[in-house]
Amino acid sequence: MNQINKFIKNIYLIIITIILIIISNDNNNNNGHFINGQSLPDGFCPQPLIYRNTTNRKADIENGYNFVGETKCLLPCPSPLFTKSQWESYFMMSLIMGSISMFASLFLIITYSPLINKKHTRHTVGILCMSIGIFFIMVSDGRQLWDMGSAGGEYSKYCPETGRYARQSDTKCLTTGLFFQFGCVTAIGWWSILAVDLWMTIAKKVQTTRKQILYYLIGINTVSLILTFGPVVKNQYGFGNAAIGCWMLDLKYQYGFFWIPVGICLSVGSVFIGLIFWEIYKISDAVKKRYLKKHIKPLCLIVLMCLEFFYMFIYYSYITANQPTYNKHVAEYIMCLIINAANVPGSYTCQLKTVSPTAQFLFLIAIRLMGLQGLIFYGLTAATKKVWANSWICKDLLKLFKFLSNKSNNNDISEIENNNNNYNNSRNYYSGSYDGAGSGRGDKFTKTSSNLSDQDINNNNINNNNNNNNNNSSSLEISGVESNNGTPRVNSPDNLQP
């Protein structure tokens, strides 16, 4: 366990050293130009380029105006690297998947937060912190929900003016850039910790103490904050030519503050994923089935996220390695526009062959699936169900349900008692009515009426009501068999007729 802690500390030192080297060797010679050496007549720019009569070119470049070479022509925003329909599909995908993953990760945050989950382990802390990181990533996309009604829609945040790309001075751009960067480095940092934790669980290594979990929290959050706010010093956050959000602009800052730390975390996570499969391979088949059944979901998520991070890393490395080729294609595209500027629009076609739209779409959607994947593999489990079952919310809802059920039962009991009281009153009323009739047979009538059935009582109640409504105008006839002394005798209630 001490060796693992030393290994993680060494990783932190390596990352900080790389950042210091990059900052100390800063030569800001990348002004965001696609090409250099191009020139055009003053006041002329072929479509879709935009002419800008600049008086302070350096300030305009810092504010996000992307000039073509040494001309006064601006690239449109978003850039012509992709068609309008492709840009719209990218933004719509980020809006839909980003929003879904945002709410999915929010559910995991609530589930594993101290608000719901009272028992924490290094595993639940890792899930909680990784979900927080994913949530910050998705907020930068979900934030578009609040911009859809504004002028320009989703482009207004990244293209605040015609031909101008958003920069760090734009509040929305800076906010989304910080959220995205902090979320990414936090999520991948805790992803590697979860890989280590799963290996420790399966290999039954020494349990992590609360003090060590606190060290993890402080260490990863400190590194995440440094990697997030370091580029702010050099005004690096802005909307790029191939991005769908604000992020770091220069390649060296992207490498130093993101891709190198990501590569280190990927290496650590991959090593421990390999150790996990080795531990599973060593154990017996019976135990193997039990372990796989218990840990299959966390293992699937860790492997899946590893593949997604590797794809992003390899794709970005490929794009960076082929940057000179893409710049050449952009130069050819600009020259095509210049040569055909005098022709009728639509009579010629200038195609820009750069990045594969499909590969770019996969690159953009890979990270936006993580929130949904977290919900599937960590949210829809027996452990999550148990957490919610033991939470104060479910307990209070259960108490409320019992209270409402008891209240409903009490109302039913009261209704039954009222019906019984009405029933008894009817019996008493029926017995007393004839007991005072002056016939001298009240004792016999009372004794006989105690054997009456419920249906007979109801019939007698109806008869009494009719008698009352008619103001007792009807007379009651009692037919029966006379006794030896000739006095009428009641034989049965069926002989009572109005």
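Predicted model: local features only at pLDDT ≥ 70, side-chain atom pairs only at ≥ 80, totals over all residues.

Colleague: What makes C77 and C159 a disulfide?

Modeller: The distance between the sulfurs. A pair counts when the sulfur atoms are within 2.5 Å, and those of C77 and C159 are 1.9 Å apart, so the pair is a disulfide. The torsion about its S-S bond is -70°, and the link is left-handed. C77 sits in the loop between β2 (73-74) and α3 (84-112), and C159 in the loop between α5 (155-158) and α6, so the pair links distant parts of the chain, 82 residues apart.

Colleague: Why is C77 called buried?

Modeller: Buried means under 20% relative accessible area. C77 has 18%, so it counts as buried. C159 is buried too, because its value is 12%.

Colleague: How do you know that C173 and C246 are bonded?

Modeller: By the cut-off of 2.5 Å again. Their sulfur atoms are 2.0 Å apart, and the two form a disulfide. This link is left-handed, with -120° about the S-S bond. C173 lies in helix α6 and C246 in strand β4 (residues 246-248), 73 residues apart. Both cysteines, C173 and C246, are buried.

Colleague: Why is the disulfide of C336 and C350 called left-handed?

Modeller: Because the torsion about its S-S bond is about -80°. The S to S distance in this pair is 1.9 Å. C336 is in helix α10 and C350 in the loop between α10 and α11 (357-366), so the bond ties together parts that are 14 residues apart in sequence. With a relative accessible area of 16%, C350 is buried, because the limit is 20%.

Colleague: How many disulfides does the rule give, and what pattern do they follow?

Modeller: The count comes to four. With bonded cysteines counted along the chain, the pattern is 1-2, 3-4, 5-6, 7-8.

Colleague: What about C129 and C300, buried or partly exposed?

Modeller: One of each. C129 has a relative accessible area of 10%, which is under 20%, so C129 is buried. C300 has 32%, between the limits of 20% and 50%, so C300 is partly exposed.

Colleague: And why is N235 called exposed?

Modeller: Exposed means over 50%, and N235 has 52%, so it counts as exposed. N235 is in the loop between α7 and β3 (237-239). It also has a positive phi of about 55° although it is not a glycine.

Colleague: Y255 then: what is its label, and why?

Modeller: Partly exposed, because its relative accessibility is 28%. Y255 lies in helix α8 (residues 251-282). Its C-alpha is 9.8 Å from that of S317, 62 residues away along the chain.

Colleague: Which peptide bonds are described as cis?

Modeller: The bond from Q47 to P48 is cis, with omega near 5°. P48 is in the loop between α1 (2-24) and β1 (50-51). Another cis peptide bond joins C77 and P78, with omega about -5°. P78 is in the loop between β2 and α3.

Colleague: How do you know that α10 has close to the expected span?

Modeller: Helix α10 (residues 323-339) has 17 residues and reaches 24 Å from its first C-alpha to its last, close to the 24 Å expected at 1.5 Å a residue. Its buried residues are Y326, V330, A331, Y333, I334, C336 and L337.

Colleague: What makes up the largest nonpolar core?

Modeller: It has 99 residues, and those with the most contacts inside it are L49, M130, W190, W191, F239, F258 and W259. Helix α6 gives the largest share of this core, 18 residues.

Colleague: What lines the second largest pocket?

Modeller: The lining has 33 residues, and Y112, T121, H123, T124 and A383 lie nearest the centre of the pocket. Elements giving two or more residues include α4 (122-142), α6 (171-203) and α9 (285-321). The lining divides into 12 nonpolar, 12 polar and nine charged residues. The volume of this pocket is about 1,000 Å³.

Conventions:
Residues numbered from 1 in each chain as written. Heavy atoms only, no water. 1 Å grid on protein atoms, 1.4 Å probe; cavity = no way out; pocket = protein on both sides within 12 Å on 5 of 7 lines; lining within 4 Å. Points joined across faces, edges and corners; volume = space filled by probe spheres on them. Helix = DSSP H or I, 4+ residues; strand = E, 2+ residues; numbered from the N terminus. Nonpolar A, V, L, I, M, F, W, Y, C, P; charged D, E, K, R; others polar. Expected span 1.5 Å × (residues − 1). Buried < 20%, exposed > 50% of the residue type's maximum accessible area, 1.4 Å probe, protein only. Core = buried A, V, L, I, M, F, W, Y, C linked by side-chain atoms within 4.5 Å.
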